[in-house]
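Colleague: Could you walk me through this model? I would like to start with the overall fold and then look at a few residues.

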Amino acid sequence: MPLHNLHEHFINQPKFRVKQAKKAVYQDLIDDWSLATNFSLPLRESLNQACLLQVQAEFFVAQDKKSVKALITLADRQKIETVILKNSDGRNSLCVSSQVGCPMGCKFCATGDLGFKRDLEPDEIINQVLLMARYLKNSNDKITNIIFMGMGEPFLNYDNVLWAIKVLNDAEGFNLGARHFSISTCGVIPGITKLAKEKLQINLAISLNAPNDELRSKLMPINKKYSLEKVMMAVKDYVKRTNRQVMFEYLLIQDVNDSLVQARELVRLMNHNLFVVNLIPYNPTGAFKPTNRKQIGIFKKFLEAKGINVTQRMSFGQDIMAACGQLAAGKNTD
Ligand code: SAH
Ligand code: SF4
């Protein structure tokens, strides 16, 4: 019986039992059914047989303590990573993985270098959250946001990602509000279109990273299938239907996508007041050089002067290979 279908275990039992089970797993954060003391011993034992709560993981804490990475070993020995990012404003964002590896092959991304192994099951997504929620509970802290920016392309595993979100959103369970979830995609249009039709208030982010098709196709092969124009059309339709802001992630790579000519092209694409650009310093993966701080400032000022909403992402956890694009599950840590 999987965790994301907990009620299956309680079919012939009173209704409140499922409620109690959800509370034990998602609020009390137990990692062993023996701790669910309001259940009879046989029930606890059968739950332990049917639904293992323990997750096999190794933790890495960054020197500045602002990020913690867990390297998780799944039942089939595949490895994935999940990272908690502690913002100074008190938000704790959990960056979760949606696949083992990624088939998209973006040139700047260590996960892309790994290639694709398989999709994650809803339970394997939920378990990343439970593992980190338990870890944070030890210091009286909790997860405030869940972002699908770990390994993998969430829209290639759409159903399992949405299933996990719905479970984590359940008021009787983990109870994290829809607005506290974000999905980041490299531009998989069917996913954008589908999400636009879900009546869910979760956030959408698009990894743009280049302002024209020629460069984007070089950096992100998916662009040959879903061109910028088509992606932008799908996003505009999403905004029309949902009236929600969309974040465009733009990582800055020295002498590749950080010139003012490219900033001007980017301005042309950002022609909606619900569009926000998030500038991300490129975290070195060996392929390119990061844009220096001064040039990031110049690029950002140019966008702001044109009236574009711009935010800048801090870089976390480079020392534990936990920053965006550096997740390679064990490749660098074993
Ligand atoms: N596959 C999805 C989600 C995971 S990648 C996507 O591509 O959106 C999450 C983010 O990390 C993306 O915005 C991606 O552009 C960014 N990223 C990838 N490699 C990076 C690197 N080396 N440095 C900084 N950001 C990177
Ligand atoms: Fe996959 Fe996203 Fe990395 Fe591209 S940036 S290879 S889509 S994880």
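Colleague: What percentage of the contacts in the chain with a separation of 6 or more comes from residues 24 or more positions apart?

Modeller: Happy to start there. This is a predicted model, where local features need pLDDT of at least 70, side-chain atom pairs count only at pLDDT 80 or more, and totals for chains, interfaces and linings use all residues; residues are numbered from 1 along each chain as its sequence is written. Side-chain values use heavy atoms, with hydrogens and water left out, while chains are lettered from A and ligands numbered from 1 in the order in which they are written. Taking contact as heavy atoms within 4.5 Å, the share asked for is 65%.

Colleague: What radius of gyration does the chain have, and how does that fit a compact globule?

Modeller: The radius is taken over C-alpha atoms, and the globule rule is 2.2 Å times the number of residues to the power 0.38. For 334 residues that rule gives a value near 20 Å, so the chain agrees with it at 21 Å.

Colleague: How many helices and strands does the chain have?

Modeller: Both are DSSP runs numbered from the N terminus: helices are H or I with at least four residues, and strands are E with at least two. On that basis the chain has 10 helices and 12 strands.

Colleague: Is T82 buried or exposed?

Modeller: T82 sits in strand β3, residues 79–86. Buried means under 20% relative accessible area, exposed over 50%, and partly exposed in between, with a 1.4 Å probe and protein chains only. T82 has 0% relative accessibility, so T82 counts as buried.

Colleague: Which backbone oxygen does the side chain of T82 reach?

Modeller: Leaving out residues up to four places away in sequence, T82 touches several residues, including V68, L94, C95 and M132. At 3.1 Å from the T82 side chain, the backbone oxygen is that of C95.

Colleague: N175 is not a glycine, yet has a positive phi; about how many degrees is it?

Modeller: N175 belongs to the loop between α5 (158–169) and β8 (181–185). Its relative accessible area is 47%, so N175 is partly exposed. The phi of N175 is about 60 degrees.

Colleague: And N209, with its positive phi in a residue other than glycine: is N209 buried or exposed?

Modeller: The phi there is near 65 degrees. N209 is in the loop between β9 (203–207) and α7 (213–219). Because its relative accessibility is 4%, N209 counts as buried.

Colleague: Which residues is C106 in contact with, leaving aside its neighbours within four places in sequence?

Modeller: C106 lies in the loop between β5 (99–101) and α3 (110–114). With 9% relative accessibility, C106 counts as buried. Its contacts beyond those neighbours are L219, M220 and P221.

Colleague: How many Å separate the C-alpha atoms of C106 and L327?

Modeller: Along the chain, C106 and L327 are 221 residues apart.

Colleague: Which residues does N127 touch, not counting residues up to four places away in sequence?

Modeller: N127 is part of helix α4, residues 122–137. At 14% relative accessibility, N127 counts as buried. The residues touched are L3, L53 and V55.

Colleague: To finish, what percentage of the 334 residues counts as buried?

Modeller: The C-alpha atoms fill a box of roughly 70 × 45 × 35 Å along the principal axes. Of the 334 residues in the chain, the buried share is 54%.

Note on methods:
Polar contact = N/O pair within 3.5 Å; in protein donor to acceptor, adjacent residues only side chain to side chain.
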